[in-house]
Amino acid sequence: MGSPETPTPTPTPSADWHPRTTMVRGGLARSENMETAEALYLSSGFVYPDADAARRAFDGTDTRFVYSRFRNPTNSVFEERLAQLEGAAVCRATTSGMAAMTAALVCRVGVGDRVVASRSLFVSCHWVLTELLPRFGVTVELVPGTDLDAWRAALSRPATCVFLESPSNPGLEIIDIPAVSALAHAAGAVVIVDNAFATPVLQQPLRLGADVVIHSATKYIDGQGRCLGGAILTNDAAYDEEYLLPYLRNTGPCLSPFNAWVMAKGLETLDLRVRAHGESALALARALEGRTGVRSIRYPGLESHPQHALAMTQMNGGGGAMLALEVEGGQEGAFRFLDALRLIDISNNLGDAKSLACHPATTTHQRLSDEECAIQGIQPGLVRVSVGLEDTRDLIADVEQALAAV
Ligand SMILES: *Cc1c(COP(=O)(O)O)cnc(C)c1O
């Protein structure tokens, strides 16, 4: 990795690395101090040796750091590492997943443009699509994500962007990314995929035909519930240069360097964690299937999931760590179940080392009408479980004793 006389300030090539190596070493850019870990640059600005160096930095002749709203050395390590994992040329870190989602769409659309999106969505994504974009003269059409005929019909007319979430939150629908991308491209649309649930360990949407990936790094990338963060990744140079980069630089939803440092650290263990989360989630789902008190259990890794086969091919054989559990007794049953949990916490967050459960209909998705909830498969008895990293046996025991209380 170089000697003190020859520091290596630029990222090391990673063409031959397997993902787990990239997670630990991708994007590493040591300073002249040759620190082992990634350095934390808590600096808003940067200085220049002379006035002409400043001029060259601003006209693009030099690529030095200018201002942390534009670029920051710690953020660059996180961005480069995640870019390598997603197979992206470009990664732009943002202050949250919602900042990433909003920027990815708003930067690209204008009056008269059309967006087609899957219907089963994280509720803030639903708000941006159905409340925010229409204010600026953008038409948005929502389609049932698992229905390719519906996508085909919606994309028989030109569209500017397609947005989808797979697996979806909290319904855990799996959308056929290659098929939807092909239809979208024929309609002239940029395909934006929210990859928060799958992470690059299980799914790399750019390799499946999508053009842009967004992340809530808050979830599995941090993985321990400490910091908010997001990212936008793409191989589409025109999208990045003409739309995304000017939008981000001028509106400023940039990630704090401290949070970028936490996220880069989170990526080091992403593969290990996502696999451990998934093994536990599968064991828990199997333990719950057909049990008294359980009306249904939705988990992409179970054979009973309607898109199980697609999930297995599209998600590298994994099902993720989110379960949708419908308990008997509607909302009352769900509340009794949640209140009886002793280990799993009631929380609307997800992707934490701690297992968390919530009642989407009255919390995360409260804003939706009963009718919209029904369409999205959010039944009154539905409990969303984010399976953490505790011992699987303790999780199964906790859920079993809580079910006994329903
Ligand atoms: C949490 C989440 C978001 C939003 O991310 P924040 O970091 O909370 O802003 C977007 N999409 C999905 C699927 C999520 O789970």
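Select Pro170 first: this residue is found in the loop between β4 and α7. Helices and strands here are DSSP runs numbered from the N terminus, a helix (H or I) having at least four residues and a strand (E) at least two. The model is a predicted one, in which local features need pLDDT of at least 70 and side-chain atom pairs count only at pLDDT 80 or more, while totals for chains, interfaces and linings use all residues. Residues are numbered from 1 along each chain as its sequence is written, and side-chain values use heavy atoms, with hydrogens and water left out.

Now display the backbone from Asn169 to Pro170, where the peptide bond is cis, with omega near 0 degrees. Next, select Pro167, whose place is in the loop between β4 and α7 (177-186). A cis peptide bond joins Ser166 and Pro167, with omega at about -5 degrees. Most peptide bonds are trans, and most residues other than glycine have a negative phi.

Select Met34, in the loop between α1 (19-25) and α2 (51-59). Its phi is near 55 degrees, a positive value in a residue other than glycine. Met34 has a relative accessible area of 23% and is therefore partly exposed; buried means under 20%, exposed over 50%, and partly exposed in between, with a 1.4 Å probe and protein chains only.

Go on to Asn316, in the loop between α12 (308-314) and β9 (322-327). Here phi is near 50 degrees, again a positive value in a residue other than glycine. With a relative accessible area of 49%, Asn316 is partly exposed.

Select Thr160 next, in the loop between α6 (148-154) and β4 (161-165). Why does Thr160 count as buried? Its relative accessibility is 11%, and the limit for buried is under 20%. Show side chains as well: that of Thr160 makes a polar contact with the side chain of Asp113, at 3.2 Å. A polar contact is a pair of N or O atoms within 3.5 Å; within protein, one must be able to donate a hydrogen and the other to accept it, and residues adjacent in sequence count only if both atoms are side-chain atoms. Leaving aside residues up to four places away in sequence, Thr160 touches Arg108, Val109, Asp113, Arg114, Gly188, Ala189 and Val190, a contact meaning heavy atoms within 4.5 Å.

Move to Asn195, in the loop between β5 (190-194) and α8 (199-202). Is Asn195 buried or exposed? Asn195 is buried, with a relative accessible area of 0%. Among the residues it touches, not counting those up to four places away in sequence, are Glu86, Pro205 and His215.

Finally, zoom out to the whole protein chain, which has 15 helices and 12 strands. Its radius of gyration is 22 Å, close to the 22 Å that the globule rule gives for 406 residues, so the chain is as compact as a globular protein of that length. That radius is taken over C-alpha atoms, and the rule is 2.2 Å times the number of residues to the power 0.38. The C-alpha atoms fill a box of roughly 75 × 50 × 35 Å along the principal axes. Buried residues make up 54% of the 406 residues.
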